[in-house]
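Here is a short report for a first look at this structure. Please keep the sequence and the model in view while reading.

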Amino acid sequence: MVRRTRVTKAARRPEVRLPELVAHTGGELVPDGDYDGLEFRDADLAGQDGGGARFMDCALTGCALDETQLHHARVIDSVLTGIRGVGTDLSEATLRDVELVDARLGGAQLHGAVLERVLVRGGKIDYLNLRKAKLKDVVFEGCVLVEPDFGGARLERVEFVDCVLKGADLTAATLVDVDLRRAAEVDIARGVGRLSGAVISHAQLLDLAPVLAAEMGVRVAADD
């Protein structure tokens, strides 16, 4: 009998080709605003309300997003580089064909969000809230994620490449074709039993052995 090894499907990366952009000079963000082909450079968007807005073919570079309200926003075919902020609200937003490069974020709220063909490259994100979010074809590359919360989320074709994952919460998460083998560090604080549907390396298995044993209720004792 030939035993077949299941192949993990690779994530499809975004292919963003921005048109010639026009500098944004329209003042503060407005709810349900429509932003098409614009460049936001070094803009202070802190505390502004762009809930429900649509960003199509846009570039946000070096922008401050502290407490910026972007719930239900749609970000499509866009590149966000060097953005920074604490408490940015992207709850239930849609990100499709997006590159997020060298971000410095803390407590970003993406619960209930939909991420499809998204590349997160470089930077550091603390306490990322992705509870009940849907991630499909998402790549985390060369970034640091501190205590990300994937509780109740669905991750399909998600890759972690040279990425540090610290204190992740996978409680009630669903994983399909999730590749952790090339992650620089994998630390699961809760929900390690939800790793079914993920692929890890032999070295990572050894690192995760204590939390896997604890999850299964196995007591590991020293040899007599």
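## Asp179 and its partner

The side chains of Asp179 and Arg181 are joined by a polar contact of 2.7 Å. A polar contact is a pair of N or O atoms within 3.5 Å; within protein, one must be able to donate a hydrogen and the other to accept it, and residues adjacent in sequence count only if both atoms are side-chain atoms. This is a predicted model, in which local features need pLDDT of at least 70 and side-chain atom pairs count only at pLDDT 80 or more, while totals for chains, interfaces and linings use all residues. Residues are numbered from 1 along each chain as its sequence is written, and side-chain values use heavy atoms, with hydrogens and water left out.

Asp179 sits in strand 14, which covers residues 174–179. Strands (E, at least two residues) and helices (H or I, at least four) are DSSP runs, numbered from the N terminus. Asp179 has a relative accessible area of 10%, so the residue is buried. Buried means under 20% relative accessible area, exposed over 50%, and partly exposed in between, with a 1.4 Å probe and protein chains only. Beyond its neighbours within four places in sequence, Asp179 is in contact (heavy atoms within 4.5 Å) with Thr8, Val158, Glu159, Phe160 and Val199.

## Thr68, inside a loop

Is Thr68 buried or exposed? Thr68 counts as buried because its relative accessibility is 0%. This residue belongs to the loop between strand 5 (59–61) and strand 6 (74–81).

Which residues does Thr68 contact, leaving aside neighbours within four places in sequence? They are Leu29, Leu45, Ala46, Gly47, Gln48, Thr88 and Asp89.

Glu20 lies in the segment before strand 1 (22–23). Its relative accessible area is 77%, so Glu20 is exposed. Glu20 and Cys58 are 38 residues apart along the chain, and their C-alpha atoms are separated by 9.8 Å.

Glu28 is in the loop between strand 1 and strand 2 (34–36). Glu28 is exposed too, with a relative accessible area of 55%. Not counting residues up to four places away in sequence, Glu28 touches Tyr35 and Gln48. Gln48 is also one of the contacts of Thr68. From Glu28 to Leu60 is 32 residues along the chain and 14 Å between C-alpha atoms. His202 lies in helix 1, residues 202–216. At 72% relative accessibility, His202 counts as exposed.

## The whole chain

The chain's secondary structure comes to one helix and 16 strands. Its C-alpha atoms fill a box of roughly 70 × 35 × 25 Å along the principal axes. The radius of gyration is 19 Å; a compact globule of 224 residues would have one near 17 Å, which agrees. This radius is taken over C-alpha atoms, and the globule rule is 2.2 Å times the number of residues to the power 0.38.

Of the 224 residues, 50% are buried. Among contacts between residues at least 6 apart in sequence, 11% join residues at least 24 apart. There are 28 positive and 37 negative side chains, and the centres of the two sets lie 8 Å apart. Lys and Arg count as positive and Asp and Glu as negative; His and the chain ends are not counted. The place of a charge is NZ of Lys, CZ of Arg, CG of Asp or CD of Glu.
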